[in-house]
Amino acid sequence: MYFIDPHIHIASRTTDDLEALARAGCVAVGEPAFWMGYDRTHVAGFYDYFRQLTEWEPRRAANYGLQHYAWVGLNAKEAENPTFAREVIAILPQFLAKPNVLGVGEIGLNKCTKNEAATLEMLIDLALRSDEQMLFHTPHLEHKYRGTRMILDMLHNHRQADPPRIWIDHCEEHTIRQVLDGGYWAGLTLYPTTKVTPERAVDMIEIYGPQRILVTSSADWGPSDPLAVTAFMAAMRRRGHSEAMIRQVVYDNPLRLMSQSRNFKFTPPA
Amino acid sequence: MSNPVPLGTLEREYLGVRCRLLELAAALDRIARHDGPAAEDDARMIQFRQALEILADREPRKAERVQIVFSLPVEE
């Protein structure tokens, strides 16, 4: 079965991973801008990173038959300094115009500080003014419950925000309900220790249904599995779920969300 | 040989234990959702509850005691 991994950090993965993804049936990937494991000290660091996501990684992925899409934004871990954040946000519009960019992301909160929230407001404002889709990173571990609530409250205050064009990512058992109830897309990221395992992702599909749920590897430079989506598919099959339902989650749903971006020009496999 | 510093071990084990507790909670939810209330009286569920009581108490030798919960009795 073909699948799409709409959240994977290709810049952190080897070409062997790209080949493995292609062999496993992956046809397209989405790569949101994120924290590369260290804080960048100059806006030029972000400029080069956004060029990598919009110029180099699409070419590298294409060598293995993978269609590559990106999201650009300022991640929450580097959002604490408002002056620096303003400089990074100022260069985003030129990258939002690149042909593989789907919207503003991943943006969000980390420790839920006032400065992070102020930066996030600027990013939401940019996305709404530009009519871009948004991809939100919700915080890790003990900060997730409060941070998710904060993000939903912020979005609630923006009347122009359109939930079906907003993806709230890294949902878990204690946050997914409020995200789906708000009409947003809920992302489940499959991590070995800190987020959701394939079996727990299947649980959430069984409880909430497959509508508006995205299952991704979010594979990056840390412990993570670029083929995690296939582990989820196997877990779904083990529990007796139909091929149609699996396809809805791993192919139709990402296609539906990504298709709402003006730059999404997907070529289905023949 | 001296014992490792307890807080260092807690630091190292925290995320893994947190993850396994979540997995355990999700598995129990799954059993309840799929098998319904009938599963509650199954002997294996009773074993689970006995094991969880051992995890929650403040006594040592937890792994050994949990193993005994899942073991056939030995005739003396």
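Student: Is Arg200(A) buried or exposed?

Tutor: Arg200(A) counts as buried, at 0% relative accessibility, where buried means under 20% relative accessible area, exposed over 50% and partly exposed in between, with a 1.4 Å probe and protein chains only. Keep in mind that this is a predicted model, in which local features need pLDDT of at least 70 and side-chain atom pairs count only at pLDDT 80 or more, while totals for chains, interfaces and linings use all residues, and that side-chain values use heavy atoms, with hydrogens and water left out. Residues are numbered from 1 along each chain as its sequence is written, and chains are lettered from A and ligands numbered from 1 in the order in which they are written.

Student: Which side chain does Arg200(A) meet in a salt bridge?

Tutor: In general, side chains of opposite charge can pair when their charged atoms come close. The rule for a salt bridge asks for a side-chain nitrogen of Lys or Arg within 4 Å of a carboxyl oxygen of Asp or Glu. Here Arg200(A) meets Glu23(B), 3.5 Å from N to O. Arg200(A) lies in helix H7 (residues 198–208) of chain A and Glu23(B) in helix H1 (residues 6–35) of chain B, so the pair joins two chains; such helices are DSSP runs of H or I with at least four residues, numbered from the N terminus. Glu23(B) is partly exposed, with a relative accessible area of 23%.

Student: Which residues form salt bridges with Asp203(A)?

Tutor: Among them is Arg30(B), whose closest N and O atoms are 2.7 Å from those of Asp203(A). Another is Arg33(B), at 3.0 Å; because Arg33(B) lies in helix H1 of chain B and Asp203(A) in helix H7 of chain A, that pair also joins two chains. Within chain A, Arg239(A) forms a salt bridge with Asp203(A) at 2.8 Å, and this pair links distant parts of the chain, 36 residues apart. Asp203(A) counts as buried, at 5% relative accessibility, whereas Arg33(B) is partly exposed at 32%.

Student: How much area do chain A and chain B bury between them?

Tutor: The size of an interface is often given as the accessible area lost when the parts come together. Buried area is the accessible area (1.4 Å probe) that two parts lose on being put together, summed over both. For chain A and chain B this is about 980 Å², 53% of it on carbon and sulfur atoms. Leu141(A), Thr193(A) and Arg200(A) supply 43% of the area that chain A buries against chain B, more than any other three residues.
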